[in-house]
Amino acid sequence: MSVSEFRGATVNEAIEKGLATLGLTKETARIQIVSEDKKGFLGIGKKEAIVSILPAVAEKETISDVTTTSSTQETNHVEETKEEVSVSKEPFKVLENLNEQQTITELALYLTNITAELGAPALVRVERQKELVMMHLDTKQSGMLIGKHGRVLNAIQYLAQVFIHRVSKDRLNVVVNVGDYRERRQEAMERLARRTARKVEETGQAVFLEPMPAFERKLIHGYLTQHPYVETHSEGEEPHRYLVVELKRNVF
């Protein structure tokens, strides 16, 4: 079953599970019923409902100037060596125990199919940064793949993480990027970390941040690791996991 498909005792239950998992609403999701549930007779022949859910893209959507990038903005080029992954459109197939290179290639194919489904086809370009693999989605419609406040891109990121978890035999850290969105978010996370730490110091009260992707939580945690007065920890379940910033114990 595709990582964008969800099961439930009924169609409504499958939809609710999928929306909750992806952090979407019915208004921000593209929902397709793959197969309806069957009650069977005395439990025989009973089947769960299966639905496919992907982030929906509004034709006219306001893009935040802090968290998004213009659809006409060119992708920033970095000095690190990059390699392009050649992919072709094929149906999703069941994969498991793949090595790193196989996982990256199959993920590139998967992301290519998702962007085509969203109406913003992209070339997937791979950039290796030490222990991190950046999957750049090069497209002429970057705003559509980012979405308002980055919701579409974060949903794609979550699907990529689920895909890797299911098919790869090795741990692999992958970040999906469009244009310079992740770089701009990194700067925004640094400002948020400083502002939140200052608020915790002034009030003495813990601050609960909005849910965010794992790599963004790691950024804020990294910024505040050496802070003399505050510390961080995560709470909640993906994709609604969030950071708590609070005073260190026995500081004052």
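Modeller: Contact means heavy atoms within 4.5 Å of each other. The model is predicted: local features need pLDDT of at least 70, side-chain atom pairs count only at pLDDT 80 or more, and totals for chains, interfaces and linings use all residues. Residues are numbered from 1 along each chain as its sequence is written, and side-chain values use heavy atoms, with hydrogens and water left out.

Colleague: Which residues is Leu219 in contact with, leaving aside neighbours within four places in sequence?

Modeller: Gln186 and Met189. Leu219 itself sits in helix H6. Helices (H or I, at least four residues) and strands (E, at least two) are DSSP runs, numbered from the N terminus. The C-alpha atoms of Leu219 and Ala193 are 8.8 Å apart, across 26 residues of chain.

Colleague: Why does Leu219 count as partly exposed?

Modeller: Buried means under 20% relative accessible area, exposed over 50%, and partly exposed in between (1.4 Å probe, protein chains only). Leu219 has 24%, so it counts as partly exposed.

Colleague: What makes Thr196 buried?

Modeller: Its relative accessible area is 6%, so the buried label applies. Thr196 lies in helix H5. Beyond four places in sequence, Thr196 touches Val207, Leu209 and Val245.

Colleague: How do you know that S8 and S10 pair?

Modeller: Two strands pair if DSSP finds at least two bridges between them. S8 and S10 (residues 242–247) have two bridges, in the antiparallel sense. Val207 stands opposite Val245 in S10.

Colleague: Why are strands S8 and S9 said to stand at the edges?

Modeller: The order in this open antiparallel sheet is S8-S10-S9. S8 (207–208) and S9 (230–235) each have a single partner strand, so one side of each lacks a neighbour in the sheet.

Colleague: Which strands does helix H5 lie across?

Modeller: H5 (residues 181–203) lies across S8, S9 and S10, at about 40° to S10. Helix H6 (residues 214–224) also packs on the sheet, touching S9 and S10, at about 15° to S10. Axes are lines fitted to C-alpha atoms, for helices over the stretch in contact, and angles run from 0 to 180 degrees between N-to-C directions.

Colleague: How do you know that Arg128 and Glu100 meet in a salt bridge?

Modeller: A salt bridge is a side-chain nitrogen of Lys or Arg within 4 Å of a carboxyl oxygen of Asp or Glu. This pair has N to O at 2.7 Å, which meets the cut-off. Arg128 is in strand S5 and Glu100 in helix H2, 28 residues apart. At 31%, Arg128 is partly exposed. Glu100, at 34%, is partly exposed too.

Colleague: What does the pair of Arg185 and Glu216 tie together?

Modeller: Arg185 lies in H5 and Glu216 in H6, so the pair ties together parts 31 residues apart in sequence. The closest N and O atoms are 3.1 Å apart. Arg185 and Glu216 are both buried. Arg182 joins Arg185 and Glu216 in a network of salt bridges.

Colleague: How many residues are in the largest nonpolar core?

Modeller: There are 46, and Ile53, Leu107 and Ile156 are among those that touch the most other members. A nonpolar core is a set of buried Ala, Val, Leu, Ile, Met, Phe, Trp, Tyr and Cys residues joined through side-chain atoms within 4.5 Å. H4 gives the most to this core, with 11 residues. A second, separate core of 14 residues includes Leu192, Ala197, Ile220 and Leu243.
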